[in-house]
Amino acid sequence: MKSLAELQAIRDKARAQIDLRKENPNAAKVLVGMATCGIAAGARPVLNAFTEEIAKRGLTQDVTVTQTGCIGICQYEPVVEIEIPGQEKVTYVKMTPEKAVRVVNDHLVNHNVVTEYTIGAIK
């Protein structure tokens, strides 16, 4: 870092990341299981995909993305829970970054649960 402008740019970037994680009580919540099993199964790229897609669509005021510990169903990792106020929680399993983009579009934007990715669809 060689100037105050560089320091300002670093601060602005960090604030933008923090704003993505601030909780709005009326916002939908995306909880990504980030315990050891989730991370080993690929949860970090899934978390990043949700964060990037939500930011790209300008949904940061309406959707909070956060990580949580063990959800308890390790064989289905990476696991993502979507909580929308006034609706039942939806648990998505065996998530990938590509599936995350579809969940943002279909579930969070268009209010249609992607049932084939849910825990109920696993046989």
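Colleague: Quick one to start: is Ala35 buried or exposed?
Modeller: Ala35 is buried, since its relative accessible area is 18%, and buried here means under 20%, with exposed being over 50% and partly exposed in between (1.4 Å probe, protein chains only). Bear in mind that this is a predicted model, where local features need pLDDT of at least 70, side-chain atom pairs count only at pLDDT 80 or more, and totals for chains, interfaces and linings use all residues. Residues are numbered from 1 along each chain as its sequence is written, and side-chain values use heavy atoms, with hydrogens and water left out.

Colleague: Where does Ala35 lie?
Modeller: In the loop between β1 and α2 (36-41). Helices (H or I, at least four residues) and strands (E, at least two) are DSSP runs, numbered from the N terminus.

Colleague: And which residues is Ala35 in contact with, leaving aside neighbours within four places in sequence?
Modeller: Thr68, Gly69 and Cys70. Contact means heavy atoms within 4.5 Å.

Colleague: Switching to the fold, what pattern does the protein chain follow?
Modeller: Along the sequence the pattern reads α-β-α-α-β-β-β-α, which gives four helices and four strands.

Colleague: In what order do the strands form the sheet?
Modeller: The order is β2-β1-β3-β4, in an open sheet with mixed pairing. Two strands pair if DSSP finds at least two bridges between them.

Colleague: Which strands stand at the edges?
Modeller: β2 (63-68) and β4 (90-92); each has a single partner strand, so one side of each has no neighbour in the sheet. From one strand to the next, the twist averages 20°.

Colleague: How many bridges join β3 to β4?
Modeller: Three, and β3 (residues 80-83) runs antiparallel to β4. Within that pair, Ile82 stands opposite Val90.

Colleague: Which strands does helix α3 lie across?
Modeller: Helix α3 (residues 43-56) lies across β1 (28-33), β2 and β3, at about 165° to β2. Axes are lines fitted to C-alpha atoms, for helices over the stretch in contact, and angles run from 0 to 180 degrees between N-to-C directions.

Colleague: Back to the whole chain: what percentage of residues is buried?
Modeller: Buried residues make up 36% of the 123 residues. The C-alpha atoms fill a box of roughly 55 × 30 × 25 Å along the principal axes.
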